[in-house]
Amino acid sequence: MSGNVQLLNDTLAAGKSEGRAALIAYLPAGFPTVDGGIAAIKAALDGGADVVEVGLPHSDPVLDGPVIQTADDIALRGGLKIADVMRTVREAHEATGKPILVMTYWNPIDRYGVERFTAELAEAGGAGCILPDLPVQESALWREHADKHGLATVFVVAPSSKDARLAEITAAGSGFVYAASLMGVTGTRESVGAQAEDLVRRTRATTATPVCVGLGVSNAAQAAEVARFADGVIVGSAFVKRMLDAPDDAAGVEGVRALAADLAKGVRGQA
């Protein structure tokens with residue numbers, strides 16, 4: 001069975017044809033429970049997210065700030081398995097028809113087996129993977145299997161990336177390029193800053209692949225700011241914080257839905 005890279009491409013192209021950026025939400029699998037995580041992801045999509053990144057919780061999440069680390073810890077203590085991540089992808093995609101990616105560090109895939117992981121992700125209806133710590137020069141095996149199974153390979157670029165390095169990364173990736181708006185870990189910020197706009201400009205000079213910006217966006221005004229210059233706006237910590245701060249799981253799910261609706265207005269310039 002082939003994965004849904006084409007659905008991801010079509011979704012990003014549809015946003016562009018409407019003159020807007022796509023809204024990409026991130027939520028970890030298994031948080032607060034497997035079922036609760038699936039409900040939250042469906043709520044984000046129902047609220048207005050175009051794409052969801054399902055986080056595969058990891059014990060050493062080097063890119064993630066304290067909010068996502070807290071959620072990952074809850075998921076791991078709950079006994080989350082990769083099978084639960086695949087179930088999350090499957091149920092979210094089946095319920096909404098929207099593209100679902102997995103964001104994961106390389107170690108869990110390496111231990112699980114690249115062929116097994118890509119085959120199962122494609123079978124679950126996944127659109128691809130975001131791999132923040134897999135160096136491009138070590139990615140040939142992954143890309144071979146991802147291509148075979150119709151999955152996007154999304155690499156992360158940062159403001160520190162030199163132009164030649166950007167070209168190397170974008171030539172190897174597919175789906176979209178994840179532009180980290182600033183140096184550091186995930187988390188909400190007061191301002192997303194000019195660094196992100198410059199990074200998008202430099203990245204676009206190397207590729208026709210959409211460039212989506214993450215790290216720091218937490219409200220509609222920031223989403224609107226980033227949507228002016230990016231093909232997609234990625235929001236993670238703000239969604240997770242809604243879940244963490246809620247008095248109960250049901251309220252958390254509704255908080256996620258409301259935030260997605262607000263951010264969806266932002267990417268459409270309606271904030």
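## Largest pocket

H5 contributes the most to the lining of the largest pocket, with 4 residues, and both helix H4 (82–96) and helix H5 (106–112) supply at least two lining residues each. Helices (H or I, at least four residues) and strands (E, at least two) are DSSP runs, numbered from the N terminus. The model is predicted, so that local features need pLDDT of at least 70 and side-chain atom pairs count only at pLDDT 80 or more, whereas totals for chains, interfaces and linings use all residues. Residues are numbered from 1 along each chain as its sequence is written, and side-chain values use heavy atoms, without hydrogens and water.

The volume of the largest pocket is about 230 Å³, a volume being the space filled by probe spheres set on grid points that are joined across faces, edges and corners. Of its 13 lining residues, Leu56, Pro57, Ile82, Pro108 and Arg111 are the closest to the centre. A pocket is here an open set of points on a 1 Å grid over the protein atoms alone, where a 1.4 Å probe fits, with protein on both sides within 12 Å along at least five of seven lines, and lining residues have an atom within 4 Å of a point.

## The sheet

An open sheet is formed by 9 strands in the order S5-S4-S3-S2-S1-S9-S8-S7-S6, with parallel pairing; two strands pair if DSSP finds at least two bridges between them. Strand S5 (152–154) and strand S6 (156–157) stand at the edges with a single partner strand each, so one side of each has no neighbour in the sheet.

Strand S8 (residues 211–214) and strand S9 (residues 232–235) pair in the parallel sense over 2 bridges, and Val213 has Val233 in S9 as its bridge partner.

## Overall fold and a cis peptide bond

The protein has 12 helices and 9 strands, and its C-alpha trace spans about 45 × 45 × 30 Å along the principal axes.

Phe31 and Pro32 are joined by a cis peptide bond, with omega about 0°; Pro32 lies in the loop between strand S1 (22–28) and helix H2 (34–47).
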